[in-house]
Amino acid sequence: MTKPLLDVEDLRVRFHLRTGTVEAVRGVSFQLGRERLGIVGESGSGKSQTGRAILGLTPPPGEVTAKRLAFDGIDLLTASKRTLRTLRGGRISMVMQDPKYSLNPVMTIGEQIIEAYQAHARASWSEARDKALSMLEAVKMRDPSRVFALYPHEVSGGMGQRAMIAMMLVTDPDLLIADEPTSALDVTVSMEVLRILDELVTERGMGLIFISHDLKLVSSFCDRVLVMYAGRVVEELEAKNLREAKHPYTQGLMRCLPTLADDVRPLPTLNRDPAWAL
Amino acid sequence: MNGGGGHGGALRSFLKKVAQFVVVLMTTLFGLVAVTFFIGRVVPIDPVLAIVGDRASPQVYERVRQELGLDLPLVQQFWIYLKKAATGDFGNSVLTTNPVMTDIANTFPATLELATLGTLIGVIIGVPLGVLAAVKRGSLIDQFVRVLGLAGYSIPIFWLGLMGLLLFYAKLGWVAGPGRIDVTYSYLYTPVTNIVLLDTAMQGQWDAFWDAVSHIILPACLLGYFSLAYISRMTRSFMLNELAQEYVIAARVKGLSEMRVIWRHALRNAAVPLITVIALSYANLLEGSVLTETVFAWPGLGQYITNSLQNADMNAVLGGTLVIGAAFVLLNLVSDLLYRLLDPRTR
C-alpha cells in the first residue's frame, strides 16, 4: 500500500468539564487509503467525535491529542488555522446527519453550494453557479435550477441530504466523512442517497469514512469496519468477514440482528461486560 | 412554495395584507380610545374645575360644563369624540390652549428623534457586543457585557442622566446642557418636520445642526445605553442558541472563515428573533422616556402626556395615547415585514 491518505494513531478526545474529565475517544488508531472505512458503534461510543477530531472541529471545551494525526502527510495537530481551513471543505469534507439542521435555514441551497465552492476556488459567481448546478445534477436532482433557488425547508429530507452531498463534494475533496448520513431518512430514500453517495465516491476515487450505528449497512457499504465501544476500537475487520468477528461485543451485536430465515424469540439482548470499557 | 399565483396572486395577497393591517390598526386604536376615554371620564378629577378655577361662580362652572359637553350621557360624549377624532380633531388642550394635534406635532418629533437615535446607538453597539460575548463565552468581554447589562437594568435612569449632565456638561463642558437647541440658533431655521437634526441639516444650517447634536448626544447615549443593555443581552442568548446549531458546524466544515460563520450564518439567523427585541425596545423609548425628558428638559411626548395628566387635560392625554398606540401598531407591522424579509420560512 502506498502512503496512507489518513494516518491516525492513538487519537484521544477529552472534555474537561466542571464535573470532571470525560474521555470520549480513548486511543483510536487506523490508517485509511482511498478506500471505504466504516466506523460502527452505539451512541456515545466516540465515533462521531473521531470524525470531528479529524476535521479539527471538536467543540470546546474538548481537547484532542494523538501520537499521530496526519492527512496526506500534513500534521493536523500542528497545522496552522489557515492550512486547516483550506483542508476543511477543500480536501476533507463531511456529510452530516440531518439536512433539516445542517443546512442554513435562511440561505438558498444554491447560495450555500456556491459559498462552499468559492471558499476554495477562485471563481466568479456565474462559474460557481454552473458548478453548483452540475453538482445538483450529479446528485440526481430532477430540476437543478429549481432546487438551486429553494430554501432548505422547501425540500424533502432526501432532497436536502442530496443537496448536502452536493455542497460537500463541490470542491472535489479527497476524503469524505459521512456521519450517519441516512439516519434521519426513511428506508427507501436512504437507499437512494446511499446509491448516489456510492456512485460519487467510486467515480471520484475518494476515501470515505462512513460512520453509522447500522452494522449491516456498514458492512455492505464499506471495505473495512472499525467497531467502537466506549471510545475505543474493539475490533477492526474486513467487511466481508463480519461473521468471523472475535470480540464478544461485535458477536453480541450480530446475534441481536433478527433474520428472515429463522424466527428466534425472544431476540437476544446484548449483555455488556464492564471489562470491555477498560 | 406559494408563489404559484403569479402577479395577480401576489397583488391580491398584498392587498389582503393591507386590508388586514388597516383592520388591526382600527381595532387597536378603537380599543385604546375607548379604554382611555372611559378611564378619563371616570377618574375623580374635574376638567371643568381645571379650567374655571375654584373661585368661579356656579353659573360659570355650569356653562363651561355644558360647553365641554360633560352634561351629556357618557356614551353620547364618546360618540361625539369619535366623530371629531375621525376628522382629525382631538379637541383643544386645556393647558396650552392649542389644538391637541398641534401640540403632538410639536412634541412627538422630539421624542421620535431621541428614541431613534437612542435605538440606533443601542443596536450599533449592542448587537456586536452581544455577538462577541456569545462567541467568547466566559471570557472577559462576556463578563463585561453582563455587568454592563446588569448596570443598565439596575441604575435609575434619572440619576445617570443627572450624573451625565454634571460630568459632561457642568464639569467638562463637552456637551450642551438641557433643551434641544440653544436659543441663539433656534431662529436660524424654520421647523418643518420638527426633528431638529433633520430641519437644520436640510436647510444647511450646520452651526445650528452641530449645536443640536451637542444637545441630543447625552440623552441619546443615555437611552442608547439602556437599550444596549437589553439588546446585547438578548443578542448574546440568541447567538448562543444559533452557534450550537448543526448548520454552524456545517459552515465550518466547508472551510469558511470564522468571521463568515459568525456574522453571515449565525447572526443572520439570530437576527430574526432580534427584530422583535429591537422593535420592542424602540417602542419602549417612543412611549416616553418621561424621566429622561424631564432631566434634560426635552419637550417630548412623554413629558407632554405626563403634564397633561397631572392637570386633568384629558383631551391631550387621549390624543397622546392614540399617537403612541398608532406608533406601536406601525412598529409591529414593520417588524413583521422585516421578519418576512429575513426568514424565508415565514413567507
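In this predicted model, chain A contains an open sheet of 6 strands. The strand order is β7-β8-β9-β3-β10-β11. The pairing within this sheet of chain A is mixed. Two strands form the edges, β7 (92–95) and β11 (232–238) of chain A. Each of these edge strands pairs on one side only. From one strand to the next, the twist averages 20 degrees.

Strands of a sheet pair through backbone hydrogen bonds, either parallel or antiparallel. One pairing in chain A can be followed in detail. Strand β10 of chain A covers residues 224–229. It is joined to β11(A) by 6 bridges. The two strands run antiparallel. Within this pairing, A:Tyr229 has A:Arg232 of β11(A) as its bridge partner.

Chain B was examined by domain. The assignment divides it into domain 1 (3–86) and domain 2 (100–346). Taken over C-alpha atoms, the centres of the two domains of chain B are 30 Å apart. Contact between them involves 14 residues of domain 1 and 11 residues of domain 2. On the domain 1 side, the elements that give two or more residues are α1 (6–42) and α2 (47–52) of chain B. Helix α1(B) provides the largest share of that side, 10 residues.

Helix α10 of chain B spans residues 206–243, and helix α12 of chain B spans residues 258–286. They pack at an angle of about 155 degrees. Their axes lie 9 Å apart. An angle over 145 degrees counts as roughly antiparallel, so α10(B) and α12(B) are roughly antiparallel to each other. Their crossing is right-handed.

Both helices contribute a series of residues to this contact. From α10(B), they include B:Leu223, B:Tyr230, B:Ile231, B:Met234, B:Phe238 and B:Met239. B:Ser227, B:Thr235 and B:Glu242 of α10(B) also take part. On the α12(B) side, the residues include B:Ala266, B:Leu267, B:Ala270, B:Pro273, B:Leu274, B:Val277 and B:Ile278. B:Asn269 and B:Ser281 of α12(B) belong to the contact as well. The residues of the contact between α10(B) and α12(B) divide into 15 nonpolar, 4 polar and 1 charged.

Definitions and conventions. Residues numbered from 1 in each chain as written. Chains lettered and ligands numbered in written order. Predicted model: local features only at pLDDT ≥ 70, side-chain atom pairs only at ≥ 80, totals over all residues. Domains from an automatic or database assignment. Contact = placed C-beta atoms within 7 Å. Helix = DSSP H or I, 4+ residues; strand = E, 2+ residues; numbered from the N terminus. Pairing = 2+ DSSP bridges. Axes fitted to C-alpha atoms, helices over the stretch in contact; angles between N-to-C directions. Parallel < 35°, antiparallel > 145°, perpendicular 65-115°, else oblique. Left-handed = near helix turned anticlockwise from the far one by under 90°. Nonpolar A, V, L, I, M, F, W, Y, C, P; charged D, E, K, R; others polar.
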